[in-house]
4 protein chains.
Amino acid sequence: MKPKRTVMPDKSLRNVILLLSCPDRAGLVYRISNFIYQCGGNILDLDEHVDPVEKIFFVRILWSPESDSMSLSELEDAFRPLAEEFDAEWKIRFTGLKTRIAVFVSRYDHCLLEILWRNSIGEFAVDIALIISNHADLAPLAAQYGIPFHFFSLSGDIKEAIERQEVALLEENEIDTIVLARYMQILSPRFVDRYQNRIINIHHSFLPAFVGSSPYRQAYERGVKIIGATSHYVTEQLDQGPIIAQDIIRVSHKDTLDDLVRKGRDLERLVLAQALRYHAEHRILVNGKKTVVFD
Amino acid sequence: MKPKRTVMPDKSLRNVILLLSCPDRAGLVYRISNFIYQCGGNILDLDEHVDPVEKIFFVRILWSPESDSMSLSELEDAFRPLAEEFDAEWKIRFTGLKTRIAVFVSRYDHCLLEILWRNSIGEFAVDIALIISNHADLAPLAAQYGIPFHFFSLSGDIKEAIERQEVALLEENEIDTIVLARYMQILSPRFVDRYQNRIINIHHSFLPAFVGSSPYRQAYERGVKIIGATSHYVTEQLDQGPIIAQDIIRVSHKDTLDDLVRKGRDLERLVLAQALRYHAEHRILVNGKKTVVFD
Amino acid sequence: MKPKRTVMPDKSLRNVILLLSCPDRAGLVYRISNFIYQCGGNILDLDEHVDPVEKIFFVRILWSPESDSMSLSELEDAFRPLAEEFDAEWKIRFTGLKTRIAVFVSRYDHCLLEILWRNSIGEFAVDIALIISNHADLAPLAAQYGIPFHFFSLSGDIKEAIERQEVALLEENEIDTIVLARYMQILSPRFVDRYQNRIINIHHSFLPAFVGSSPYRQAYERGVKIIGATSHYVTEQLDQGPIIAQDIIRVSHKDTLDDLVRKGRDLERLVLAQALRYHAEHRILVNGKKTVVFD
Amino acid sequence: MKPKRTVMPDKSLRNVILLLSCPDRAGLVYRISNFIYQCGGNILDLDEHVDPVEKIFFVRILWSPESDSMSLSELEDAFRPLAEEFDAEWKIRFTGLKTRIAVFVSRYDHCLLEILWRNSIGEFAVDIALIISNHADLAPLAAQYGIPFHFFSLSGDIKEAIERQEVALLEENEIDTIVLARYMQILSPRFVDRYQNRIINIHHSFLPAFVGSSPYRQAYERGVKIIGATSHYVTEQLDQGPIIAQDIIRVSHKDTLDDLVRKGRDLERLVLAQALRYHAEHRILVNGKKTVVFD
């Protein structure tokens with residue numbers, strides 16, 4: 001069965017977003033804005049940044065198209081020659097076309113609930129197509145929001161086979177982006193490579209402080225006065241991917257390890273939600289090991 | 001004697017900034033970026049915003065010009081026809097050309113010291129041409145930084161005459177912008193009108209809370225858990241001008257009124273410094289009673 | 001039917017909290033800590049504050065009692081003579097005895113969900129006995145968490161009668177504290193008086209800025225750079241009650257009114273949750289129009 | 001020549017502070033508050049904390065003594081038996097008796113200026129007895145505030161001899177506490193040991209992230225979205241001492257390395273000033289590798 005892809009019918013929601021990076025040179029804004037003007041578009045929002053060290057050009061443009069404008073593939077075809085001339089990485093999206101995502105979870109509910117609830121009130125431009133977990137705990141929460149829940153019991157020797165099943169499920173559902181909502185398993189390099197810059201993780205520390213396991217315990221033992229959470233794209237190196245969003249909260253000697261966990265939960269769900277919103281609104285470009293976030 | 005205007009000799013500091021607002025319409029970015037391209041410029045930074053309610057277009061563009069580029073007046077002449085076609089408010093500036101400012105103070109030193117020190121280490125693109133005060137207290141501080149200090153003893157019946165002397169002094173020194181660094185006097189409407197959107201004030205509360213006098217006392221008596229400071233352009237209506245920057249700090253039942261004043265001092269000097277930096281870097285456009293700040 | 005009151009069986013959860021305020025004088029800490037020592041208690045946490053202007057003494061003490069310690073009423077009886085000598089307002093509570101609360105809501109779900117979810121994972125020491133609403137919208141959410149939901153259709157002429165029914169319901173359920181989770185109705189002075197310092201409201205602005213209705217619209221039109229939320233005890237004067245907690249978030253010219261509402265939602269639910277936690281853990285003493293919060 | 005020690009004449013400034021830690025047991029607050037009561041004192045502020053893991057008791061008490069109260073040594077003698085019974089680490093201070101400090105600097109002026117200015121307006125209870133530097137750059141700033149400036153030219157082979165001269169100077173001036181205000185030299189273990197928990201450093205990162213040199217460059221290259229500063233007591237292990245205070249500021253892809261340095265300067269001076277204020281007001285107790293800060 002073909003998965004359903006939600007397209008918003010409202011015309012005002014069919015604005016166009018271009019996200020592009022390429023080697024910097026004179027005339028890029030002029031050439032691109034000329035293209036948009038020739039297509040009858042009116043630019044509503046333009047953010048441009050040139051990395052002064054690497055001399056790379058980054059831009060996000062949001063425009064309202066003419067009333068009987070081109071389809072997405074027509075737009076892409078029309079823009080392609082320019083992009084090739086600039087040697088650019090790029091994508092064009094309609095604002096009304098939702099990104100299809102899968103959420104991976106283990107046993108903690110706070111990040112999953114946050115995403116399900118925010119999406120239910122229209123904060124995200126995503127379709128949550130399915131939830132995958134190595135525990136059955138959160139199946140009832142998934143059911144409350146009417147999202148298919150797939151439970152895969154992981155044990156060491158069949159991990160590779162399970163991952164193949166998961167990939168099949170993701171492909172069948174035309175999943176674009178994966179959100180790790182406190183998923184307590186390491187993904188294989190092969191998996192990570194397949195979804196490059198499309199797997200969003202939340203790490204429960206202010207990276208690069210407290211890499212690895214038990215960051216709250218590490219923070220408690222070090223006696224820091226501030227703890228944090230970090231959302232980043234997943235790369236093969238654990239906790240080393242490009243950082244999308246971070247936030248912090250103050251702690252004191254009065255806070256026990258449990259208090260750190262409690263305070264951290266609020267950070268985790270807010271920071272992950274923010275990163276997902278940036279991603280779903282096509283606001284992020286990856287610049288080597290870093291991100292450009294046009295917020 | 002003609003006042004000296006500091007021009008930075010370094011070529012890399014002769015980038016160009018355009019700050020412009022006009023009624024929105026299709027093609028504005030294309031037309032402006034085409035102009036820059038035709039002049040041989042390479043855009044380094046472009047921030048654009050369209051007010052979705054008022055349909056007004058705002059843009060700030062920073063570009064590096066060709067090596068033997070036009071003078072400022074040549075650039076202005078070349079751009080004028082476009083600006084007139086767009087019915088725009090606009091200005092063009094070179095990054096290396098400092099804004100000439102006067103600082104008005106009374107008896108508190110913290111905001112003045114902050115501005116003098118930051119400027120001494122090169123944080124601001126300003127020439128502090130003179131300091132005007134209705135008290136003599138801060139003359140030694142001005143002397144430490146080598147800035148002329150003018151003391152005008154204010155008393156009710158000669159206030160108007162004093163203000164005329166101050167204006168004469170400001171004009172003689174070709175002052176562009178006035179910074180009120182905890183200046184405890186009200187300026188006349190005539191004065192305010194002459195320097196529209198060029199007088200920056202710091203108010204020691206989180207406006208619009210605690211308008212008027214003794215905001216810390218008001219905050220203490222209300223029992224707020226957070227206090228703030230607000231920097232804004234001065235208009236005829238007290239504490240009602242367009243807000244440029246705000247910041248806050250937490251307080252608790254343990255904080256006395258003196259503690260609020262102490263904590264507030266840190267806010268005041270940092271927020272005023274931030275507003276002045278935005279202004280001096282030509283990052284602010286006024287949108288009715290609000291500001292657009294391209295930070 | 002008698003309402004059930006949850007008592008935690010775990011002995012370590014039967015610590016004792018004393019919350020007390022009285023006119024200041026020498027020896028108060030000595031006398032009170034002597035009482036605790038005589039009862040065999042070991043103080044785990046003591047916060048004391050003297051209002052330096054009003055000369056009022058405030059204290060919160062948490063202690064672990066002897067293994068076969070007194071009942072609550074025995075403790076109260078033993079302490080009463082001291083309290084009367086000090087002319088004190090005071091209460092003694094066991095940490096394991098949950099506060100019974102009712103939540104009042106209208107149509108927004110975010111604050112209610114926040115409270116229900118936090119309580120479900122054990123963050124609050126409360127029993128959510130019932131939910132009262134003037135709309136039916138949130139009945140399904142109440143059902144998900146298994147909480148009785150009472151819908152009262154309000155119309156002008158029967159408002160008083162409805163409130164009488166609500167009070168009856170609250171009394172029948174032995175409700176101690178009422179949480180207004182974005183409840184869009186004004187309570188009568190008679191109602192407010194009955195639950196003095198036991199009705200917690202969340203106002204969606206940084207009070208005292210933007211009192212009254214549509215604070216986000218007011219904030220948008222004023223062009224502030226920071227918005228806030230405020231949780232306070234309800235008094236007869238609208239938005240004037242003692243402030244318990246406040247928090248803020250940055251906004252910019254890019255944020256539409258909808259963005260302010262979205263960002264504000266996160267503040268509202270976090271600030272209300274924080275206030276409820278302080279209240280449920282008996283950390284708040286009211287000091288005239290202000291609060292002392294021992295966090 | 002005997003160094004002058006400033007004693008504040010104002011009676012209201014002769015409040016007493018006790019700072020004490022010892023193994024926890026029942027009755028400690030009672031016994032200590034009884035002592036204060038017997039001495040005729042009235043407690044103004046009491047903060048108590050028991051480390052729930054290590055079972056250590058920490059307390060800071062501020063009280064106003066009787067009008068013709070005991071001298072400091074009389075108080076110490078009277079309290080000593082109790083302290084010995086509790087096996088406590090403790091000190092008693094009068095609020096009006098300033099802590100004598102030395103500031104060590106290299107070439108950056110921002111932290112030194114911050115301390116000198118704050119002290120000049122009465123924010124700190126310290127006497128800045130002298131400034132020691134391995135560069136001559138900041139001698140004029142020291143002179144502006146009338147503080148003796150000692151320049152020691154450091155080179156590898158005489159480092160030990162220099163440190164001996166510095167220690168002699170510190171002892172001669174009865175220095176209690178040393179502030180490293182961006183001092184770019186490592187102190188010897190012998191030196192550190194002599195001033196245990198009395199050397200305050202500012203590290204320009206959010207420790208434990210970016211230990212060691214060039215933390216801003218490390219932060220820039222990692223692409224963090226938040227940078228920080230950390231003030232801590234110096235121990236033999238570089239950047240590992242007990243943390244006193246931390247703060248952060250947001251950065252984005254727009255910020256160059258220079259911007260990080262600029263933003264970080266504001267953090268450094270504020271965080272160091274906060275730590276020094278806590279220390280000078282006797283608000284800090286060291287708990288192993290952590291601190292208890294009664295703020």
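**Exercise 1. Two domains in one chain**

How many Å separate the centres of domain 1 of chain A and domain 2 of chain A, taken over C-alpha atoms?

*Solution.* 
Step 1. Keep in mind that you are looking at a predicted model. The domain assignment places residues 11–94 of chain A in domain 1 and residues 99–293 in domain 2.
Step 2. Taken over C-alpha atoms, the centres of these two domains of chain A are 30 Å apart.
Step 3. Domain 1 of chain A brings nine residues to the contact, and domain 2 of chain A brings five.
Step 4. On the domain 1 side, the elements giving two or more residues are strands S1 (16–23), S2 (42–51) and S3 (56–64) of chain A.
Step 5. Sorted by class, that side of domain 1 of chain A has four nonpolar, two polar and three charged residues.

**Exercise 2. The overall build of chain A**

Work out how the radius of gyration of chain A relates to that of a compact globule with 295 residues.

*Solution.* 
Step 1. Start with the elements: chain A has eight helices and 13 strands.
Step 2. A compact globule with 295 residues would have a radius of gyration near 19 Å, and the 21 Å of chain A agrees with this.
Step 3. Next, the extent: the C-alpha trace of chain A spans about 60 × 50 × 35 Å along its principal axes.
Step 4. Of the 295 residues in chain A, 42% are buried.
Step 5. Look at the contacts in chain A between residues at least 6 apart in sequence: 69% of them join residues at least 24 apart.
Step 6. Finally, check the confidence. Chain A has a mean pLDDT of 93, with 95% of its residues at 70 or more, while the model has ipTM 0.93 and pTM 0.95.

**Exercise 3. Where chain A meets chain D**

Describe the contact between chain A and chain D, giving the residues on each side.

*Solution.* 
Step 1. Chain A and chain D each have 24 residues in contact with the other.
Step 2. On the chain A side, strand S11 (243–250) and strand S13 (290–293) are the elements that give two or more residues.
Step 3. By class, this side of chain A holds 12 nonpolar, seven polar and five charged residues.

**Exercise 4. Chains B and D**

*Solution.* 
Step 4. Seven residues from chain B and seven from chain D make up the contact. On the chain B side, helix H3 (110–120) and helix H8 (257–280) give two or more residues, and H8(B) gives the most, with three.
Step 5. By class, this side of chain B has three nonpolar, one polar and three charged residues.

**Exercise 5. A closer look at Asn34(D)**

Why does Asn34(D) count as partly exposed?

*Solution.* 
Step 1. Find Asn34(D) in helix H1 (residues 28–38) of chain D.
Step 2. Asn34(D) has 19 other C-beta atoms within 10 Å. A buried residue needs 20 or more, and an exposed one has 12 or fewer, so a count in between means partly exposed.
Step 3. For a distance within the chain, take Ala229(D): 195 residues away along the chain, its C-alpha atom is 41 Å from that of Asn34(D).

Definitions and conventions. Residues numbered from 1 in each chain as written. Chains lettered and ligands numbered in written order. Predicted model: local features only at pLDDT ≥ 70, side-chain atom pairs only at ≥ 80, totals over all residues. Helix = DSSP H or I, 4+ residues; strand = E, 2+ residues; numbered from the N terminus. Contact = placed C-beta atoms within 7 Å. Nonpolar A, V, L, I, M, F, W, Y, C, P; charged D, E, K, R; others polar. Domains from an automatic or database assignment. Rg over C-alpha atoms; globule rule 2.2 N^0.38 Å. pLDDT = per-residue confidence, 0-100.
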